[in-house]
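Biologist: I am new to reading protein models. Could you walk me through a few features, one by one?

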Amino acid sequence: MQVSAAYVGVILIWSTTPLAIKWSGEGTGFLFGVSARMTLSLALCLALMVLLRRQLPWHRDALMTYGASTLGIFGAMLTVYWGAQYIPSGLVSVLFGLSPLLVSVLGAWWLDERNLTTLKVGGILFGIAGLAVVFESELRLGENGWKGVLGVIASVMLYSLSMVLVKRIDARLPALTSTTGGLLFSFPLFAATFWLTGESVPVSVPMRTGLSITYLAVFGSVLGFILFYYILVRLSSTSVALITLLTPVLAVLLGAALNGEHLQSGVMAGCAMILSGLFLHLWGDSHIALSRLRLPGRGTGDAPEP
């Protein structure tokens with residue numbers, strides 16, 4: 001597999017996922033959409049485990065990893081599907097750009113990662129300010145947009161918490177194994193939620209809804225995960241981090257072109273602040289370091305002038 005093709009594949013999958021999430025609940029409700037997606041994803045992962053002749057470990061660290069993964073699979077997916085009902089798909093993608101910022105904070109707290117420099121903290125604060133602008137704009141509109149923002153932010157928090165907990169446990173499980181275990185633990189929770197809320201399986205599913213659910217299960221959950229880990233071990237962290245800046249922009253454009261979505265000026269301003277904060281957090285320090293190297297007498301082998 002070409003690394004460049006895998007890289008483009010991840011960008012395309014992550015860019016189209018928010019719109020597919022919105023479409024997967026049309027005519028059936030968001031709960032059926034997310035439950036059907038995760039059920040199909042579990043079936044695919046189990047089939048891959050059998051095909052690759054892999055065993056699902058059940059030791060203590062593995063069980064803890066599956067439980068931590070459940071926060072991201074059940075908790076984060078349920079809340080983002082609920083929130084996506086009320087806001088444009090492009091905004092969903094932009095808000096998820098806050099996850100690297102939150103992971104950095106949680107990592108410094110629980111993993112003793114002492115990498116929060118002044119510029120990184122500034123990026124986090126700028127992103128939070130952008131979030132406040134988005135929330136205020138949605139609240140001022142007097143509609144249900146604020147519910148969507150809160151739902152997606154809850155999803156970002158659960159997703160980031162899940163990532164940090166999995167890293168803290170450090171069970172060193174293969175990606176497919178941890179995903180399968182997390183889906184296996186999440187399946188009863190989705191089934192119980194579906195039953196407790198009184199939902200029923202729809203008699204008919206609109207074609208676009210069914211195709212979206214299938215796309216999310218095959219590409220969004222399984223193939224996208226495999227491609228992401230494929231490029232993660234072959235590219236620099238900077239190249240991988242660039243995906244978090246590219247996908248929100250593409251998601252906004254796709255939402256406008258394919259779903260007639262329009263972001264208010266205040267929301268757009270907040271989105272720009274969030275992406276700017278993310279850029280500052282990811283590359284602010286390296287940009288300053290590179291600028292210093294380019295100063296006269298630095299990085300060229302010449303002795304500095306007296």
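Modeller: Some ground rules come before that. This is a predicted model, where local features need pLDDT of at least 70, side-chain atom pairs count only at pLDDT 80 or more, and totals for chains, interfaces and linings use all residues. Residues are numbered from 1 along each chain as its sequence is written, and side-chain values use heavy atoms, with hydrogens and water left out.

Biologist: How many salt bridges does a search of the whole structure find?

Modeller: The general idea: side chains of opposite charge can pair when their charged atoms come close. We call it a salt bridge when a side-chain nitrogen of Lys or Arg is within 4 Å of a carboxyl oxygen of Asp or Glu. Searching the whole structure gives 3 salt bridges. One of them joins Glu26 and Arg208, at 2.8 Å from N to O. That pair links distant parts of the chain, 182 residues apart. Glu26 sits in the loop between helix H1 (3-24) and helix H2 (30-51), while Arg208 belongs to helix H9 (residues 207-232). Helices here are DSSP runs of H or I with at least four residues, numbered from the N terminus.

Biologist: Which residue does Arg60 form a salt bridge with?

Modeller: Arg60 pairs with Asp61, and their closest N and O atoms are 3.6 Å apart. Asp170 and Arg172 also meet through their side chains, at 3.3 Å from N to O.

Biologist: Is Arg60 buried or exposed?

Modeller: Look at relative accessible area: under 20% is buried, over 50% is exposed, and in between is partly exposed (1.4 Å probe, protein chains only). Arg60 has 62%, so Arg60 counts as exposed. Asp61 has 30% and counts as partly exposed.

Biologist: What is the side chain of opposite charge nearest to Glu261?

Modeller: For charge, Lys and Arg count as positive and Asp and Glu as negative; His and the chain ends are not counted. The nearest one to Glu261 is Lys22, 4.8 Å away. Glu261 is buried yet has no salt bridge. Its place is the loop between helix H11 (243-259) and helix H12 (265-293).

Biologist: Which side chains make polar contacts with the side chain of Glu261?

Modeller: A polar contact is a pair of N or O atoms within 3.5 Å; within protein, one must be able to donate a hydrogen and the other to accept it, and residues adjacent in sequence count only if both atoms are side-chain atoms. The Glu261 side chain makes one with the side chain of Ser89 at 3.0 Å. It makes another with the side chain of Asn259 at 3.1 Å.

Biologist: Where does Asp170 lie?

Modeller: Asp170 lies in the loop between helix H7 (145-169) and helix H8 (175-196). Now think of phi: most residues other than glycine have a negative phi. Asp170 has a positive phi of about 55° although it is not a glycine. Arg172 lies in the loop between H7 and H8 as well, and its phi is near 55°, a positive value. Just after H5, Asp112 takes a positive phi of about 55°.

Definitions and conventions:
Helix = DSSP H or I, 4+ residues; strand = E, 2+ residues; numbered from the N terminus.
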